Amino acid sequence: MTNLVDRYLLYRIRAHQDSQAFARIYDRYVISIYRFVLLKLPSKEDAEDLTSDTFLKCWRYVQEHRAIGDIRALLYQIARNAVIDWYRQRAANPSRTLAVTFQASETSSFASGDPSDAGQSKAVIEARADLALIMGKLERLKDEYRDVIMLRLIDGLPFNIIGEILGKTTGNVRVVYHRAKKALDTIDANNQ
Amino acid sequence: MKRDLYRIIRSLRDRERGINPDPAWLRSTRETLLMQVKNTMPSAETEAIRRRLPIFAPLYARVMRTLRGPAVATLSISTVVLGGSIASVSAAENSIPGDTLYSVKLVTEQARLALASTKQDKVKLKAEFTIRRVAELKTIVSTPVTKKEERASQAADILKRDLDTLKQQLADVQEGSSGSDVADIAKTVDKNAVEVVKALNETKNELSQEVKEKVVAAQVQAADNGIKALEALVDVHADAGNTSVSDSDIGSSLAAHAEVAAVTVAATKALIGSSTSTRELTEDAQTSLNAVQQLVQDNKLNEAVGMIKDATAKSFTAQQQAEEQSLALSNATSTSSTSNVLTASSTASAQPALSGAEGSTSGLPGSTTSTMNGTSPSTSTTMTTTTKP
């Protein structure tokens with residue numbers, strides 16, 4: 001059903017140059033993309049920048065008339081690549097890293113005094129701590145397994161979307177997911 | 001261990017649900033994004049050109065890309081600066097007295113007046129604004145808003161002021177302009193006056209006595225404006241060299257004024273408890289009105305105008321008297337009997353007390369007589385004649 005709405009909106013954009021349709025897509029997915037990005041980056045500001053970049057890039061894809069299967073998958077794919085690029089750039093330019101981390105602790109809303117914002121920050125910190133715990137457990141998995149587990153369990157995406165994000169068929173993703181869960185079980189068993 | 005992991009994953013998903021982006025950021029990003037989207041959207045035309053000229057396509061794209069940055073910047077800045085003001089002003093356009101944005105509406109009107117270059121334009125604008133005041137009054141009366149009386153009284157005050165200015169403008173034009181200019185403006189004022197008086201007749205009955213008096217004062221002012229405009233029209237008409245005012249112009253204006261006076265007379269007759277003097281005044285007005293028709297038929301325009309002036313003045317004075325009496329009556333009924341003579345005397349005694357309590361009330365009859373060139377006796381004299389027998 002959601003897919004049908006997306007397809008209709010995509011059709012509106014392509015056939016009628018309907019900018020409002022793109023705004024609808026933004027409304028539908030901006031929060032989930034923002035959450036997806038926020039946990040993977042050090043600061044709120046970075047997450048905001050990356051999120052708006054993601055939607056802009058998505059628009060360019062649509063404009064360039066490339067084949068698009070599912071707009072939601074495309075958004076996640078772009079966001080995922082943007083996060084990877086972000087860390088790559090940081091690694092290539094260590095002087096910027098310092099500035100960024102410094103900025104992150106300074107400009108993020110911890111010090112801003114807004115109580116609702118502080119509550120948000122608390123949620124973010126806790127979520128990040130959880131994520132770190134999960135990552136600690138997942139790190140011994142193959143990259144392929146980890147991606148599928150994360151997208152399925154944490155971002156709660158359906159298999160066909162994960163398939164599009166990772167460039168696999170839906171059936172393949174399903175298989176990989178079950179193997180990944182089994183692998184997790186073996187790691188657990190070995191630990192104990 | 002394994003169960004532990006899934007527990008953490010579940011708690012993470014719960015926590016994620018608590019993380020929400022800043023709504024202000026969400027909105028601003030949406031706007032910028034939409035703007036960029038609209039900017040980069042190829043119109044059907046350019047798309048066709050691109051398809052026809054594939055060689056230029058890369059060049060076109062490059063030029064567009066260099067232009068895009070500054071264009072987006074200018075566009076977004078101007079949207080924020082202008083868009084904001086346009087949005088708030090258009091919101092203000094629908095405001096009524098007592099709203100926060102009402103002052104914005106009035107300031108916008110002042111700005112439009114200041115920007116009008118010719119006298120005709122200024123008068124037309126001012127006339128338009130008086131119609132707006134009337135519409136506001138109607139809105140206040142017909143919609144369930146808070147502080148109805150306060151808002152209505154404010155609107156009536158502003159309306160009276162605007163009508164005053166309109167009269168001033170007409171007088172200014174009459175002094176130093178050519179006949180056709182005067183005719184143009186006088187026609188506007190005349191039409192406006194009739195419209196205002198008629199519209200106010202519909203709304204005023206829904207209001208309390210106090211506010212109603214203010215509205216009637218505005219009506220009197222409007223009727224006076226109309227008569228002044230009519231006189232100006234007749235002056236121009238009398239000037240043999242000027243053809244900008246035709247017989248039919250004067251005729252239709254006279255008919256409109258006669259209708260206004262007739263409606264006022266009818267409204268006054270409908271008021272209960274009118275004293276004999278008021279009734280006489282109403283009859284006089286009616287007689288004058290009948291005379292007007294005869295005079296128009298005989299083509300005695302100047303006399304007809306004089307007569308209609310008389311009729312209008314009388315009809316409004318009668319109405320004001322009737323209003324005041326009904327107000328005094330409602331105040332006095334608890335103490336005095338309903339005998340006719342007693343009512344008249346109690347009205348007369350209530351009169352000074354009322355005018356002492358409220359400055360605006362005492363101003364009403366006086367202003368009417370002065371603007372109407374003394375065609376009708378002042379209220380106080382009619383009162384004494386009533387009590388004599």
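**View 1. Chain B as a whole.** Of the 389 residues in chain B, 36% are buried (20 or more other C-beta atoms, placed from the backbone, within 10 Å of the residue's own). Please note that this is a predicted model, in which local features need pLDDT of at least 70, side-chain atom pairs count only at pLDDT 80 or more, and totals for chains, interfaces and linings use all residues. Residues are numbered from 1 along each chain as its sequence is written, with chains lettered from A and ligands numbered from 1 in written order. Chain B holds 15 helices and zero strands (DSSP runs numbered from the N terminus: H or I of at least four residues for helices, E of at least two for strands).

**View 2. Helices 10 and 11 of chain B.** Helix 10 (residues 247-270) of chain B packs on helix 11 (residues 276-297) of chain B at about 160°, with axes 10 Å apart (lines fitted to C-alpha atoms over the stretch in contact, angles running from 0 to 180 degrees between N-to-C directions). That makes helix 10 of chain B roughly antiparallel to helix 11 of chain B (an angle over 145 degrees). Among the residues of helix 10 that meet helix 11 are Gly251(B), Leu254(B) and Ala258(B); contact here means C-beta atoms, placed from the backbone, within 7 Å.

**View 3. Where chain A touches chain B.** The contact takes 34 residues from chain A and 25 residues from chain B. On the side of chain A that touches chain B, helix 6 of chain A gives the most, with 10 residues.

How values were computed:
Parallel < 35°, antiparallel > 145°, perpendicular 65-115°, else oblique. Contact = placed C-beta atoms within 7 Å. Buried ≥ 20, exposed ≤ 12 C-beta atoms within 10 Å, placed from the backbone.
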